[in-house]
Amino acid sequence: MARTKQVALVVEDDPTLLDLIKETIESLGHEVSSASSQENALALLEDTMFDYILLDLKIPLREGRLPRLEIGFTLLERIVSLPDARRPGVIVMTAHGDDHEYCRRALREGADDFIKKPFDGGKESPEAAIKQLLARRSEERYEVVTDATGSVARERGPGGATREPGPEQGPPAIHLIGTYDRRRCNLEINGKELLLSEQRFRLFGRLAVHAKRAPGQHLSLLDVPEIQSGTRQALNRLRKDLEEQVPGFWDRWIRNDGHGSYCLQVPGDSITYDADSMAAHSELLGKLRS
């Protein structure tokens, strides 16, 4: 019989924090198990297929041992190496969130997201992170298939099944504006205003330019000068910003080839720009006009 509930695992050795996270997950109507060590977590992973895991990076190897960051990273490696059919989504939790190297490393090693402890009750809360993760994973079931012009032809799902894009699944209207508001740059997707940091705006702009000039082709991030260092971190921050403001957009419309190249799968005529305000981004404007 198919499962009707999401099933979660929380790996956390602080009993108070563990109870708080379990209460949050249960409030979402999900089933939840818990482990306080790597040994306990691996035993549960042997017997249960989890939909997602909240993983504290600093955990002990087994009960009674001292917690260490490397133990959490080792467990993360074991989780992401599971076969795709058994591989759960992973949200890492860390009290070292201000040390961005730990966050970058977790993302590089396969985590889907991270949240800092103590939780701030907003976008860093377990509830918000869980909802965003599950929204992304539900969209990953279908891959957008475009025709030669870059227009959406159909969506292909598990086992090769296809579906025609309905009105709500058609390509989004993207309008690049680029003016500054509180040191952030703006754009619109389907008429909704979004604000991105300048670096993330320019990264998204590069993807949009490439979609207009070479529809359906991937852009190597090595060719994006704005992120010559910290490529993965910049990309994950862009993804997180977009998911917070337009849930589901990233996984439906942006694809990667597994080798560091990305494609915004939107037809060129769905991408417009405000020439006057984009003058502040002269290189992007020049590419849009060429």
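Leaving aside neighbours within four places in sequence, D56 is in contact with V11, E12, D13, G72, M93 and K117, and this residue is found in strand β3, which covers residues 52-56. The model described here is a predicted one. The protein has 290 residues, of which 48% count as buried, and its chain forms nine helices and 15 strands. Among contacts between residues at least 6 apart in sequence, 57% join residues at least 24 apart.

**D56 and its record**

- The UniProt record, an unreviewed entry, places the feature "modified residue: 4-aspartylphosphate" at D56.
- Because its relative accessibility is 4%, and buried means under 20%, D56 counts as buried.

**Helix α2, with one buried face**

- Helix α2 runs over residues 38-47, and in this helix Q38, A41, L42 and L45 are buried.
- Seen down the axis of α2, these buried residues fall within an arc of 100 degrees, so they line one face of the helix.
- The face of α2 that is turned away from its buried side carries E46 and D47, which are exposed.

**Two nonpolar cores**

- In soluble globular proteins, nonpolar side chains tend to be buried together.
- In this model the largest nonpolar core has 34 residues, and the members that touch the most other members are I174, L176, L187, F201, F204, F249 and L264.
- The elements that give two or more residues to this core are the strands β9 (174-181), β10, β11 and β14 (261-264), together with the helices α6 (198-213), α7 (231-245), α8 (249-253) and α9 (282-289).
- Helix α6 gives the most to this core, with seven residues.
- A second, separate core has 25 residues, and L57, I59, A111 and F114 are among them.

**The four-stranded open sheet**

- Four strands form an open sheet in the order β11-β10-β9-β15, and their pairing is mixed.
- The edge strands are β11 and β15 (271-273), each of which pairs on one side only.
- From one strand to the next, the twist of this sheet averages 30 degrees.
- Within the sheet, β10 and β11 pair in the antiparallel sense over six bridges, and N186 stands opposite L195 in β11.
- N190 has its place in the loop between β10 (184-189) and β11 (192-197), and its phi is near 55 degrees, which is a positive value in a residue other than glycine.
- Because its relative accessibility is 56%, and exposed means over 50%, N190 counts as exposed.

**R136 in helix α5**

- R136 lies in helix α5, which covers residues 126-139, and at 4% relative accessibility R136 counts as buried.
- Not counting residues up to four places away in sequence, R136 touches D112, D113, R239, E243 and D251.
- R136 and D112 are 24 residues apart in sequence, while their C-alpha atoms are 9.8 Å apart in space.

Notes:
Residues are numbered from 1 along each chain as its sequence is written. This is a predicted model: local features need pLDDT of at least 70, side-chain atom pairs count only at pLDDT 80 or more; totals for chains, interfaces and linings use all residues. Side-chain values use heavy atoms; hydrogens and water are left out. Buried means under 20% relative accessible area, exposed over 50%, partly exposed in between (1.4 Å probe, protein chains only). Contact means heavy atoms within 4.5 Å. UniProt positions are given in the numbering used here, feature names are shortened, and annotations may be inferred rather than shown by experiment. A nonpolar core is a set of buried Ala, Val, Leu, Ile, Met, Phe, Trp, Tyr and Cys residues joined through side-chain atoms within 4.5 Å. Two strands pair if DSSP finds at least two bridges between them. Axes are lines fitted to C-alpha atoms, for helices over the stretch in contact, and angles run from 0 to 180 degrees between N-to-C directions. The arc is that of the directions from the helix axis to the C-beta atoms.
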